[in-house]
Amino acid sequence: MQRALGWSLFLMIAVALLSSCSTTRFVPEGQYLLSDVSLKVDKSERKEVNLSQMKAYVRQNPNSRLFGLIKLPLRTYSLSGRDSSKWINRTLRSFGEAPVIFDSLQTLRSCADLQQELRNRGYMRARVTYDVKRRGKKASVSYHLQPGTPFYVSSLNYVIADSCIANLLTASGDSLRRLLSVGMKFDVSLLDAERKRITTFLTDNGYYRFHKEFITYRADSVRGSQLVDLTLLLRPYQRNNMPDTLHTKYTIRSISYQNGDADDDRMHLRRRVLEECTYLNEGQPYSGTKLQNTYNHFGRLQAVKYTNIAMRQVPDTSLLDCNVTLLTNKPSTISFQPEGTNTAGDLGAAVSVTYQNRNLFRGSEVLSIEFRGAYEAIKGLEGYAANEDFVEYSTEAKLTFPRFIIPFFSKKYRRSMDATSEVSLLYDIQSRPEFQRQVVSGALRFRWSFPQHRSRYQLDLLDLDYVFMPWISTTFKKEYLESENTRNAVLRYNYEDLFITKIGFSYSYNNQSYALKTNVETSGNVLSLLAHTAGLAKDNLDQYKVFNIAFAQYAKGDFDLTRSFQIDRNNQLVFHLGVGIAYPYGNSTVLPFEKRYFSGGANSVRGWSVRSLGPGSFKEKDGRINFISQTGDMKLDLNAEYRTHLFWKLGGALFVDAGNIWTLRENGQEGGLFRFNEFYKQLAASYGVGLRFNFDYFILRFDLGMKAVNPSFRTDDSEHYPIIHPRFSRDYAFHFAVGLPF
């Protein structure tokens, strides 16, 4: 309680200091702080003009605001003194943001840019004016957009001055792919896109020296109307004072490779790998897209540090010699990485040593071997020796190929995508006071995507996990695993020898506004079919066994959607939905622990610590958190987060979270079973604030969440609705994480 009061007092003092400082302190006499900028358009024309897009053409904007309300960076800057030799003043200025001084010249240029953009969008008679309101040492600017009536294309002609190009365009059915049409709005961006389309088509068909400046437009309008007669002109090849000629179509004569290291002439990549990454072909026309694909595929190889592709014209011919120069990375590296751990308050440390070879078989295959050791001091365990702690040792080997290693894919199909294949093996030993666990894993997976697409795919063709429990303490077995409580079936299942054979598929899509992730996986179906076909007998638990080990059988699916709205350059609103469901069947009545869902934590409902929420309204009788019991077969997450840039590399966030987990089978956890007429009453909710340190390559995140609705308490309103009856020591959860939550 005293700590909460201390923080509250500190925040009150900080807010008071920031609020009391003058934001015009560093505004020179006779000048004005730009306090606000707005764009206005008549109601009748608002549907035609997107003001949020037009704001990008305003050259001068006011200082950024915290959550769109308080100019915190400016106020931080204003706290500094005028003596720049003092470190505190320099620090405040570096963290803050200098006042934006109103500049009338920039305002005039903004008017011109806004007007030009409106005309580019077809509003040829558009006008933009502005008003400046001055009050004290502050000035606000309002831009008034008057787009008028848009112009439309009444006729369209393509005039191709090169007969060979004209024939090529006709033969390819180019008219069906044109971006321009009669009746369209006269939009300069579409005109430029059509130039780029034709240019790309020609450079992909051998016209090595063609560029879009050879394409121009002539637009004629009739006085008093909003109609335009549009003509696209493709000019012949022009060079200095020479007569106009046809554009030359070039063919690749030869392709050669060389090492970019002057001290080493030997190529470190196999010839077949070089040829698979090279999309240009000898005897075929030059292609700009194939050239870029060649750069992209060599750039994907971890063995390659630098790529340069030079085209040289054979004198007095239309032939090109292509030379690919590659500079390779150092093949082998060894890295050492220490880390700190904190599991439910138990502090520890870990260290890993990794050996990596980036060019194992001279095909940029990456071999990675990691040795890891971890130690954690465990406290609060009754009935165990005080000096027994958690120790873990693991060895993992991964071999990654920068291509598909499945033989039946054609070369053409393999070259149409960016693909990797991965084979991995893991051996892990975990020793705790309660038990010892050994895990052996092996996997074969493929990842791929297509150039120019935002979709990503992953196929786990085979993922095997063998979990072996060589020792379990008598105390742990008696108190937890042999209890008559039916929900201890979940506990028992997770401390038995188990074999998991997973097959899974994942798909993801990401652009500036949407992020979609889906995953489906199954386990045990093939083994169950084989066991049934072979007529194997089940044991007394109605399970098939392979090598005297029961195998898991289940199906699981996950769906994750994120939608973001960019309010302005400093503020963003993000919504997130996450749904997951898994069901054990056949050879299993309980999901393996690694496949069960949990709620709470830095990426879920942030008013709860990780694995401390649910399932449903279930609550341990002694009030303790049980990271195994508080798991489920189904999960729902709903999140909303307002993100803002504060100053320097610091960002802030306000968030609201809701969600929970549930079981799909009754296992003695009262209130934990999913029911359609009850689940919405069991949704937990929280709210909070966060700080983000954006260091470009990674983001450090600190979130403070507070419980708002606690489904574990169903009768006591003071406990069920902590948003009305808050108690900081009971309701808060602090999270530290790397990366954004969604």
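Modeller: The largest cavity holds about 210 Å³ of space, where a cavity is a set of points, on a 1 Å grid over the protein atoms alone, at which a 1.4 Å probe fits but cannot get out, and a volume is the space filled by probe spheres set on the points, with grid points joined across faces, edges and corners. This is a predicted model, in which local features need pLDDT of at least 70 and side-chain atom pairs count only at pLDDT 80 or more, while totals for chains, interfaces and linings use all residues. Residues are numbered from 1 along each chain as its sequence is written, and side-chain values use heavy atoms, with hydrogens and water left out.

The largest cavity is lined by 16 residues, of which Glu276, His297, Pro402, Arg403 and Arg414 are the closest to its centre; lining residues have an atom within 4 Å of a point. Two or more lining residues come from each of helix H8 (271-277), helix H9 (288-300), helix H10 (411-415) and strand S14 (418-431), helices (H or I, at least four residues) and strands (E, at least two) being DSSP runs numbered from the N terminus. By class, this lining has eight nonpolar, one polar and seven charged residues, with Ala, Val, Leu, Ile, Met, Phe, Trp, Tyr, Cys and Pro counted as nonpolar, Asp, Glu, Lys and Arg as charged, and the others, Gly among them, as polar.

Among the residues lining the second largest cavity are Arg437, Tyr493, Glu496 and Phe593, and its lining divides into five nonpolar, one polar and three charged residues.

Key
On a 1 Å grid over the protein atoms alone, a cavity is a set of points where a 1.4 Å probe fits but cannot get out, and a pocket is an open set with protein on both sides within 12 Å along at least five of seven lines; lining residues have an atom within 4 Å of a point.
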